[in-house]
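Please look over the sequence and the structure before reading on.

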Amino acid sequence: MNQLQQIVALADGVLGRDVVGIYLHGSAVLGGLRPASDLDVLLVSERSPVERERAALLEGLLRISGTGAAGGIAEGTADGDGDAAAAGARPVELALVVRSDVRPWRYPPVCDFLYGEWLRADYEAGAVPRPEPMPDLALLITMVLAGDRPLAGPPPARVLDPVPHADLVRASLAGLPGLLDDLEQDTRNVLLTLARIWSTLATGRIDSKDTAADWALARLPSEHRAVLAHARRLYLDRRYSEESWSAELRSRVRPHADRVLAEIDRLSPGSGPHRGLPAPAVAARPVAADRPAVPARPVAADRPAVNGS
């Protein structure tokens, strides 16, 4: 079995008839998987897992999920029980929601169980995913509905309510402070996610990261294009282990981010700097023609969302 089949089998084995549906989102439905993309999955359940079920889901995902991207959906051994890391499997991000927590829709939504590779060390140390508010679910659910890629269960439109545009905006802005904290260590994803937040606020769409970068590049002044163009190339062609930035490009990263933040702020509800958003370090120029006991999901990664992979 490949990874997606293993995830479906795991959910069915642990939750049985309480699985309402299992759906792809992220890069898999927004233009295709890239070298460093995760497998992004939303699991909708009729009820919250009990303790032993949480432990079983976690144990299974630790086995199925890879610690680095491989460029495909890795196969296990003949019986489907191979070691994912050894097989070169893609990282898995799985969010489980209880249907009654997201339908009828309300904001902020609650994620009942979250697995992601950035949390592996916490899980291996004994942490267990617990229900937490997760604004980013607004974006995930919107991608699930647009992608319409069920792995199990009915079409997502029969299970999930559409998310109002105002809540897409709220969810996009909610992740900005944490996103900027990752600018130095996760540069490519932060820059691409900022571009996608800008394009989503302007167009109402959630595009793939490279498509959102194209949209932003057409609207940035020339001095701010090089770093985003480089991040886009890395996303399309390189794994994280192959990523490199010249000193000159590094020096342009923060000014570029400040410029995009200024555009995001201009499109945000109200006027003046967005609450919680740091003031730009460099003045913007006129416009030219993606922790509690288990930490919350970072918006930046190919982990995620506007954010998703």
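In the largest nonpolar core, which has 52 residues, the members that touch the most other members are Leu-42, Val-44, Leu-94, Phe-113, Leu-137 and Leu-160. The model is a predicted one. In soluble globular proteins, nonpolar side chains tend to be buried together.

**The nonpolar cores**

- Leu-42, leaving aside neighbours within four places in sequence, is in contact with Gly-21, Ile-22, Tyr-23, His-25, Ala-95, Val-97, Leu-137, Ile-141, Val-144 and Leu-160.
- Another core, of 32 residues, lies apart from the largest one, and its members include Leu-201, Leu-220, Val-227 and Ile-264.

**The helix pair α9 and α10**

- The axes of α9 (residues 209–217) and α10 (residues 225–237) come within 10 Å of each other and cross at roughly 165°.
- Because angles over 145 degrees count as roughly antiparallel, α9 is roughly antiparallel to α10.
- The crossing of α9 past α10 is left-handed.
- On the α9 side, the contact is made by Lys-209, Asp-210, Ala-213, Asp-214, Ala-216 and Leu-217.
- On the α10 side, Arg-225, Leu-228, Ala-229, Arg-232, Tyr-235 and Leu-236 take part.
- Sorted by class, the contact of α9 with α10 has seven nonpolar residues, five charged residues and no polar ones.

Notes
Residues are numbered from 1 along each chain as its sequence is written. This is a predicted model: local features need pLDDT of at least 70, side-chain atom pairs count only at pLDDT 80 or more; totals for chains, interfaces and linings use all residues. Side-chain values use heavy atoms; hydrogens and water are left out. A nonpolar core is a set of buried Ala, Val, Leu, Ile, Met, Phe, Trp, Tyr and Cys residues joined through side-chain atoms within 4.5 Å. Buried means under 20% relative accessible area, exposed over 50%, partly exposed in between (1.4 Å probe, protein chains only). Contact means heavy atoms within 4.5 Å. Axes are lines fitted to C-alpha atoms, for helices over the stretch in contact, and angles run from 0 to 180 degrees between N-to-C directions. Helices (H or I, at least four residues) and strands (E, at least two) are DSSP runs, numbered from the N terminus. Angles under 35 degrees count as roughly parallel, over 145 as roughly antiparallel, 65 to 115 as roughly perpendicular and the rest as oblique. A crossing is left-handed if the near helix is turned anticlockwise from the far one by less than a right angle, and right-handed if clockwise. Ala, Val, Leu, Ile, Met, Phe, Trp, Tyr, Cys and Pro count as nonpolar, Asp, Glu, Lys and Arg as charged, and the others, Gly among them, as polar.
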